[in-house]
Amino acid sequence: MGIRIKRHTFLSNRECQLIHEGSCRLLSESGIKIESQEAIQIFLKKGARFEDGRVKIPPHLVEQSIEQTAKSIELGAKNTDNKIVINPDSPEIHFGTGGQALYVLDYEKYMFTRRPAVTQDLIDIVRICEQLENIDFITRPVEPDVPEEAMDLEKTGIFLEYTTKHMNLANLIKLNKLPEIIATVKDKSLISFISCVTVSPMNLVSPTIDKFIKIVERDIPVAISSCPQAGTTAPLSEIGELIQVNAEVLSAVVLANLIKPGAKVLYRGIPISSDLSGDGSPRWCQPESIRRIAMVSDMTYFYKIPCCGTAAVSDEKIPNVQNIAEKTISWVFEAASGAQFINSALGMLERILTVSPEQYIIDNKIISNIKQLFKRSPDYNIRDLAQTAVKDALEMFDISMNTHVKQDISDRIEYILNGQEQLTQENIDSQVEFIGNAVSSGKSSILFMKASRSGLRKGWLYNGSKIDGELNLEEIHHYKNRLLKSSC
Amino acid sequence: MADILEKIKKNVIEGRVDYEDEGFDGDMEGQPGVLELVEKALEENIPPSDILNIAISPGMNEVGRLYESGEYLIPDMLASAECVSEATKILEPLLLEGENKSRGKFVIATVEDDLHDIGKNIVTTLLRGSGFDVHDLGTGIKADKIVDAIEKSQAKYLGLSALLTTTMGHMEEVIDLLKDKGIRDQVIVCIGGAPISEDFAQKIGADLYGEDAFDAINKLGNITP
């Protein structure tokens, strides 16, 4: 179950206030583009303006909505012992799964085979997660391979049958299925959703926003998700990206509270970076992204809005040493940040394209150890705790850290802890102006990329080596098989 | 004459489109960029083909070399490609009066239900910088609109992008519609995006899979309609 920790903070209250003011300026001056007429009308009726095709949200609406948002959310479970209460006044953290993967990585006799995921995989993974003691809630890892029209109810049925933990159904696929989902679960407190309402920079998109409106109307908890990528869909600057992601999430927080004052929303900001030396793809588990995601938690505590965290999205294609190291560091910092509902890439590989049943067992062990470390050292030193967590995780596989690996881990930790930029009013103003110009230009990704040239040369993307090393997964594999047999 | 061409080449390498561009170190704002320098060169009666062949193309070649060596990253390449693309808009009408021609019409789009445009925009900029006449349809484009654009423009190339596993299937719909309309053989279909693979490209009958923007550009160089 959840674990209380002392928070490690990156931003002071004063710095959170500066970011907040920057986001409010962005919302009121540049505004947000909204595809849903219904959503536009909700904003306009409550005092927002519509100019240049964008909804400009005045600061008082933002402040009012933050004030109104539910300060405590109860996430029910079939087994009431598994109920989760999220309270932003209290840094009690919970770990859960994430998704959605397209493939499953099967392991047999030292060989991996990747194949498309099917409904049985969803059943198996939910059964495994039900039995793993460090998984507090389950977000659907893969979708069932049934026609799109039937996916929502199939998924709900599988969750109901195979887990007694809180059921986070992630995205609602068909809007018209919401009443049937609620009728199926009977007690709607058992479920929650994640709504990826924003496309960066500064857009609320349909049909997601229409589904979001209906979920909020039904008073079901929903995480507002925004995932800009620094250097392509947001400024490379962490200050700029934080201002933007905060504005994007806040725009939906406002909408939710205009629909239903006291809306049960979780703040899920995922400011990551782009691989600007490769193909521009997302860098989830690199130090600069881990740092930025952890900083988002500071904003949620500043607002006292429940936080849905993100962690452990590794690039690696198979379970290996690099994968363990980067997942562990990511979990340590996200846990230390106090994110109460950590929607993790548990069991996932290749970002979130692939899921591995064996990886769930590994990740459960890693989280177990991290929780023990926090319990053992309530006044922990974050450097020591992160180093120890990686060392312990590798030792589970009889791998000891050599000098080179220790240094690499230390470099990553120091990068996460030490910012590259000064959070000043001048920087805030310059980033607000830059984002506004990029948004109105119609070619924001080109402008973000071009402007990142200077930051790249200052080291704003971590440039470290990869840790090579394979794992012996035989024992993990047999344990996974035992779990599946025991729950038949 | 050599001086201004050298300046154009230097600004292509530094990826500075115009005087507003701050450059790498943020201290170049106010100084003429590629656009101003190209205009000036034309005022000085320097032939457009010289501007292209002596300044712009060698500049872009140097950018390619710097990228290959790891000194330049995507944003550097992109900034330079944008310079070439913008300069080409000025030079193309003049060049077409001579013998330099576009490499062909290229329709590009992110498929239905997918609003992601990073990869598509990178490819678009690089294609324009490589001499293609690109018609960017945008994001979330339905199959019938894409095929309609191909029919109207008579484009020989089609680029399809998807970031989501849930939307990549729409690529096959586009190819099927091209077949239904009897024009599949008239267009080279290139696909790309995070969940896309060579296997998937073969499965749906695409002609070319680009692992990233540069891979796509390189492969296009080896294929003719």
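Two strands are taken to pair if DSSP finds at least two bridges between them, and strands (E, at least two residues), like helices (H or I, at least four residues), are DSSP runs numbered from the N terminus. This is a predicted model, in which local features need pLDDT of at least 70 and side-chain atom pairs count only at pLDDT 80 or more, while totals for chains, interfaces and linings use all residues. Residues are numbered from 1 along each chain as its sequence is written, chains are lettered from A and ligands numbered from 1 in the order in which they are written, and side-chain values use heavy atoms, with hydrogens and water left out.

In chain A, an open sheet of 3 strands has the order β2-β14-β13, with mixed pairing. Its edge strands, each pairing on one side only, are β2 (33-34) and β13 (198-199) of chain A. Strand β2(A) runs parallel to β14(A) (residues 203-204), to which 2 bridges join it, and K33(A) has N203(A) in β14(A) as its bridge partner.

Strand β7 of chain A (residues 92-96) takes part in pairings with β1(A) and β21(A). With β1(A) (residues 3-4) the pairing is antiparallel, over 2 bridges, and E92(A) in β7(A) is the bridge partner of R4(A). With β21(A) (residues 341-344) β7(A) runs parallel, and 3 bridges join them; here G96(A) finds its bridge partner in N343(A) of β21(A). Strand β7(A) is mostly covered, as 4 of its 5 residues are buried, where buried means under 20% relative accessible area, exposed over 50% and partly exposed in between, computed with a 1.4 Å probe on protein chains only.

Among the helices of chain A, α11(A) (residues 357-376) has 20 residues and reaches 29 Å from its first C-alpha to its last, close to the 28 Å expected at 1.5 Å a residue; the expected span is 1.5 Å times one less than the number of residues. Because 15 of its 20 residues are buried, α11(A) is largely enclosed by the rest of the structure.

In chain B, helix α3(B) (residues 48-68) has 21 residues and reaches 28 Å between its first and last C-alpha, close to the expected 30 Å. Helix α3(B) bends by about 30° at I56(B), with the proline P58(B) following within four residues; the bend at a residue is the angle between axes fitted to the seven residues ending there and the seven starting there. The buried residues of α3(B) include I51(B), I56(B), M60(B) and Y67(B), and the helix is followed by G70(B), whose phi is positive, near 90°.

Over all chains the structure holds 47 salt bridges, each being a side-chain nitrogen of Lys or Arg within 4 Å of a carboxyl oxygen of Asp or Glu. One of them lies in α3(B), where E62(B) and R65(B) are 3 residues apart, about one turn of the helix, and their closest N and O atoms are 2.9 Å apart. An α-helix has 3.6 residues a turn, so residues three or four places apart point the same way. E62(B) is partly exposed at 25% relative accessible area, and R65(B) is partly exposed at 46%.

In helix α12(A) (residues 382-395), K391(A) and E395(A) are 4 residues apart, about one helical turn, and their side chains meet in a salt bridge at 3.8 Å, N to O.
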